[in-house]
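Open the model in your viewer and keep the selection panel at hand.

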Amino acid sequence: MTAAATGDGRVEAGGATRYAGTRIGRVEDPRLLTGRGTYVDDIRLPGMLHAVFVRSPVARGRILGIDASAALALPGVRHVFTAADLNPDVREQWHTSVGPKSPETPRPPLADTDVRFVGDPVALVLADDRYLAEDAAELVEVDYEQLPAVVDYTRAAQAQELVHEAHGSNVVGQLAGRPAATLADVFAGAAHVVTDTIHQQAHTAVPMEGRGMVVDYSASTGELTIHAATQAPHEIRLFCSRLLGLPEHRIRVLMRDTGGGFGQKVMVQRDEMALMLVARRAGAPVKWVEDRRENLLAAGMSRHEHADVSMAFDPDGLILAASIDFVSDCGAYPTPWPVGTSAAVGMLFPGPYRVPAASFTATTVYTNTAGRVAYRGPWQFETLAREVLLDNAAREMGMDPAELRRRNLLRTDELPFANPNGMTYDRITPLETFEQALEMLDYDAFRAEQARAREAGRYLGVGMSTYVEPSTPGYGSYATEAATIRIEPSGKVNVYIAGGSTGNSIETTVVQLTADVLGVAIEDVATIQGDTAVTGFGAGTAGSRSGSMTAGAVRDTATILRERMIAIAAHKLEAAPEDIELVRSRASVRGVPGASVTVAELAATAYFDPYSLPPGVPAGLEASARYTAETRSVWVNAAHVCTCEVDPVTGGVTLLRYIVSEDCGPMINPSVVEGQIAGGTVQGIGGALLEHLAYDEDGNPTATTFVDYLLPTATDVPVIEYGHIETMSGGPGGYKGVGEGGAIGAPPAVVNAVADALAPFGARITRLPLTPESLAALVPPEALR
Amino acid sequence: MSDVQVELTVNGQARTATVQPRLTLADFLREECRLTGTHLGCEHGVCGACTVLVDGEAVRSCLVFAVQAAGSEVTTVEGLGGPDGELSPVQAALRDCHGLQCGFCTPGFVVSITAFLRDNPRPTDQETREALSGTLCRCTGYQGILRAVQQAAGAETAR
Ligand code: FES
Ligand code: FES
C-alpha cells in the first residue's frame with residue numbers, strides 16, 4: 001500500500017483517509033505550550049491546607065518520642081499527624097496487580113516504631129500555606145535512637161542487623177530456574193567460556209514533576225475526590241477504597257496532566273497512603289507536592305544490582321549455554337513486591353539469541369535505603385549484562401562483536417522460538433533490526449575510521465546491543481482496557497478511556513485511532529481521560545501497554561458505532577450497507593455521486609427521530625466495549641548502535657552517532673514512537689554515564705539535588721537516528737508497545753562503545769556509571785607515553 | 001519579618017500584592033497571580049522549568065524573591081502566545097518538532113528559547129545546545145527541542 005501525507009497530516013491511501021501512520025500534531029500540545037496545563041500542583045481548592053512530611057534523618061533507628069508542641073504553636077499550623085494517629089485507620093493495603101495474598105513488605109504509612117531509610121516519613125504537618133508547613137516541620141522534634149544501618153546490599157544477606165526484624169532475614173526472596181550444576185558439563189566442555197561480574201549503580205526515574213496529591217473529603221456526602229500525579233488513576237481509586245474502607249464509587253480520582261512518571265507513578269507509596277488517611281481528618285482539602293529533595297530521597301530507587309554471568313561458546317562462536325546469578329538491592333520498602341521482577345531478569349537473560357540452555361538465580365535483599373520502584377524497563381539488567389558479556393567474549397575470542405551477534409541472533413524462520421527459560425518469542429526481527437542499524441552506521445567504514453584515528457592517537461569506539469522485550473502484559477488487571485465513545489447529537493465525538501497524559505501522547509493516539517475507525521474528521525474527535533467518574537477501569541500506563549491496549553478498546557467500541565451509522569445511512573439513502581463508505585464525517589454511497597449524508601445528520605436522526613431508524617437499530621450513538629488481550633505479552637525488539645570518542649587522559653566520553661532500529665509494528669504516529677525511543681535512550685545514556693543515587697556508608701544519601709544527581713542535558717546527547725522495521729503483532733492493528741525499550745537498549749550500547757574505544761589499553765568495563773574518573777583509571781599512565 | 005507591598009507588571013498587567021519577603025517570584029506568579037504555567041522542577045536553580053523574563057532577561061524565578069522583582073516587567077509563558085491561544089513561533093516550532101511530551105519542562109524551554117533567539121537569531125548547533133543545557137527535560141531526550149530551535153530560528157530569519 002502506498003501512502004502519501006497530505007497537508008493536514010492525513011494519509012491518502014487507495015482513496016481512503018487514515019490518520020494512523022501519520023505525524024499528526026499532538027492534541028495535548030496547545031495547552032501545554034501556553035502554560036495552560038493542569039498538573040496536580042496547579043489545583044487550588046477553597047480552604048486547602050498544605051502538607052509537608054517530617055522525614056527521618058537517620059538510615060536506621062528507633063523512634064523514642066515525637067514532640068510537636070512547638071510546631072503546633074505556630075499560627076497557621078493546623079495539625080501534626082503521626083503514625084499513632086493515622087496508621088490504625090488502615091483497613092487493607094495491596095496493589096491490584098500484586099493481589100492480596102502476595103508476601104508483601106509491611107508498609108506503615110508513617111513510620112511507627114522504626115525508621116528504615118533517610119527520608120522515611122515520620123510525621124505529617126498541615127498548615128495554611130506551604131512556607132508555614134515547612135517551618136513547622138522543622139520544629140517537630142523527633143528523638144531517635146540511631147542504629148547501625150544495612151547499606152551495602154552485597155553484604156546484606158550476611159548482615160547481623162535486619163532491616164525488617166519480623167521478616168527474619170534481609171533476603172526478601174529468591175527464585176531460580178534450572179540449577180547451574182546441570183550445565184557444568186556444557187561449560188566444562190566448551191571451546192570458550194566467558195565470565196564477568198557486572199554492576200549497575202542505583203539510579204531512577206526522576207520525572208521533572210515529583211509526586212503529588214490533593215485530597216478533598218466531603219463528610220456530608222461521604223465522597224472523596226483525589227487529584228493526583230499518576231500513571232494509573234483507577235489504581236489509586238481502588239487502592240484508596242481498600243485502604244480507607246470507603247466504597248470504590250464514593251471515590252473519584254482526577255488527573256489531567258502528569259509531568260512524567262516512567263514507572264515511579266504507577267503504584268501508591270507510603271507518602272500517598274498518608275495523604276489518603278488524612279483526608280477524613282483534616283476538615284479541609286489537603287495538598288502535598290513533593291520537592292526535588294524529597295523526590296530523590298523518598299520516591300524510590302531502581303537499577304541497583306549486579307550479577308555473575310557466564311556464557312559458553314563452541315569453536316565457531318555459537319552460544320552453548322548462558323547463566324546468570326543476579327542480586328538486586330530493594331531498599332527498605334520496595335513497591336511492589338520485587339521478587340517477580342527480579343526473576344524476569346533471569347528469564348530474559350538469553351535475549352534474542354539462539355541459546356540452547358540457561359540457568360539463573362535471582363535474589364532480592366533489603367537495605368536501609370529508599371525502596372525499589374519500577375523504572376522504565378524494570379528488568380533491563382538482563383540486556384546490560386548479556387550485551388556487555390558478549391562484547392567481552394568477542395574480544396577474548398578475537399572475533400568481531402557484530403559477527404558474534406550475527407551468528408547467534410534468531411532468524412524469523414526460527415520463530416516462534418522458546419528460550420530455555422520457557423519464554424516463547426514470536427513476530428520479532430532481531431537480525432533484521434541489527435543489520436539495519438549496522439547499515440545505517442556503515443559499520444565497515446566506521447571500523448576503518450577508527451583504525452585511522454587510533455594511529456593518530458584518538459580513541460573511537462562502537463557499541464551495539466540488541467534485546468527482545470515483552471510489552472502489553474495480557475494477564476490479571478492488565479489484560480483488558482475499556483472505551484466509551486459518544487457521537488454526540490451534533491455529530492461531534494467524545495472518546496472516554498482511562499488514560500491520562502503523562503507524556504505518552506495517549507490523547508493524540510486515541511483521537512487518531514477513533515477518527516480512523518469511525519471515518520470521521522480528526523477535528524471532530526475529542527477525548528476525555530484521567531477521570532475515574534466517567535471512564536471505565538484501566539490499569540494505567542505501565543508495561544508499554546497504553547497504545548496497544550487502547551487500540552483494541554477503541555477498535556471494539558468504534559466498530560459498534562460505525563456499523564450503526566452505516567445501517568442508518570443505508571436506510572436513509574436507500575442503499576445496501578455494503579455500499580456505504582464513511583470518510584471525513586460523511587457517509588456516501590459508493591459510485592453514486594451526490595448520495596450522501598453527514599455524520600451530524602445521522603446523529604440527529606439517532607437522537608431526535610428514533611422512530612425513523614431502521615428496525616433493530618437502537619436510538620442514540622453511544623457505545624462501550626472492553627477489549628481483552630489475546631496473548632500474555634506482545635514481543636517487541638530493537639538494536640542500538642552507538643559510536644563515541646573517549647579522551648584517555650580525562651576519561652571524558654563524547655557520543656558521536658546513535659542509531660536505534662526497532663520493530664514496534666506499524667506506527668500509529670511516527671513522531672510519538674521516535675519521541676518515546678529518544679526519551680528512553682537518553683535516560684539510558686544518563687544511566688550509563690551520569691546518574692547515581694548514591695549513599696555514603698552510613699546510609700546518608702549524597703545526591704539530593706540536581707547538582708549531585710546529574711541528568712543528561714542538551715550538550716550530553718547525540719542526534720538519535722531511527723530505523724523502523726514493521727512486523728505485525730497478533731494484537732489490534734498489529735501494534736506493539738514502545739514506551740520502555742530505549743531505556744533497555746541504551747546502557748549496554750554506550751558501555752560497549754566506550755569499552756571498544758579503550759580496548760587498545762586492555763580496559764574491561766564491568767561497573768557503571770562510566771564517570772570520567774573511573775574511565776581515566778582504566779588507562780595505565782605508561783600507556784599514554 | 002513583616003509583609004511588604006510589591007508592585008510589578010506581569011504579562012502587561014499591573015499587579016500589587018502584600019507578600020512575605022521570603023516569597024519567591026515563582027510562588028508569587030503561581031499563587032498570587034494564578035499563573036501556573038511557571039513550573040517548579042527543583043526549586044534550587046538547576047532545572048530551568050521556572051524560567052521567566054524579568055525586564056527581558058531570562059531568570060529562574062525560584063531563585064528570586066518577589067520583592068526583588070518589584071518595579072520590573074515580568075513575562076511568563078502565558079504572556080508569549082497570542083491572546084486567542086495563537087502559538088508564538090517558538091511554541092509552534094516545539095509543536096511541529098515533537099519538542100514536548102509531558103510538558104512539565106516546556107514553559108521553561110519556551111521562555112528561554114524565546115530569549116535566546118532574540119539575542120542570537122541564527123545560532124549554531126553548539127550554541128543552541130549550550131544555551132539549552134541549563135534547562136532539563138526528562139521526556140524528549142532534547143531531540144525535538146533542538147530541532148525546534150533551528151526551525152524557529154529559520155522562521156525568524158525568513159521574515
Ligand atoms: S525550579 Fe527553578 S530552576 Fe528548577
Ligand atoms: S516534556 Fe516531560 S520533562 Fe520535558
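How far apart do the C-alpha centres of domain 1 of chain B and domain 2 of chain B lie? They lie 22 Å apart. This is a predicted model: local features need pLDDT of at least 70, side-chain atom pairs count only at pLDDT 80 or more, and totals for chains, interfaces and linings use all residues. Residues are numbered from 1 along each chain as written, chains are lettered from A and ligands numbered from 1 in written order, and side-chain values use heavy atoms, without hydrogens and water.

**The domain interface**

Select 4-77 of chain B for domain 1 and 89-158 for domain 2; the bounds come from an automatic or database domain assignment. Now show the contact (heavy atoms within 4.5 Å). Domain 1 of chain B gives 17 residues and domain 2 of chain B gives 13.

The buried area between them is about 1100 Å², with 62% from carbon and sulfur atoms. Buried area is the accessible area (1.4 Å probe) that two parts lose on being put together, summed over both.

Next, pick His39(B), Cys47(B) and Val77(B). These supply 38% of the area that domain 1 of chain B buries against domain 2 of chain B, more than any other three residues.

Move to chain A. Three strands (DSSP E runs of at least two residues) form an open antiparallel sheet, ordered S7-S5-S9. Strands pair if DSSP finds at least two bridges between them. Colour the edge strands, S7 (114-115) and S9 (141-146) of chain A. Then select S5 (61-67) of chain A: S5(A) and S9(A) pair over 6 bridges. Finish at Asp67(A), whose bridge partner in S9(A) is Glu141(A).

Key
Helix = DSSP H or I, 4+ residues; strand = E, 2+ residues; numbered from the N terminus.
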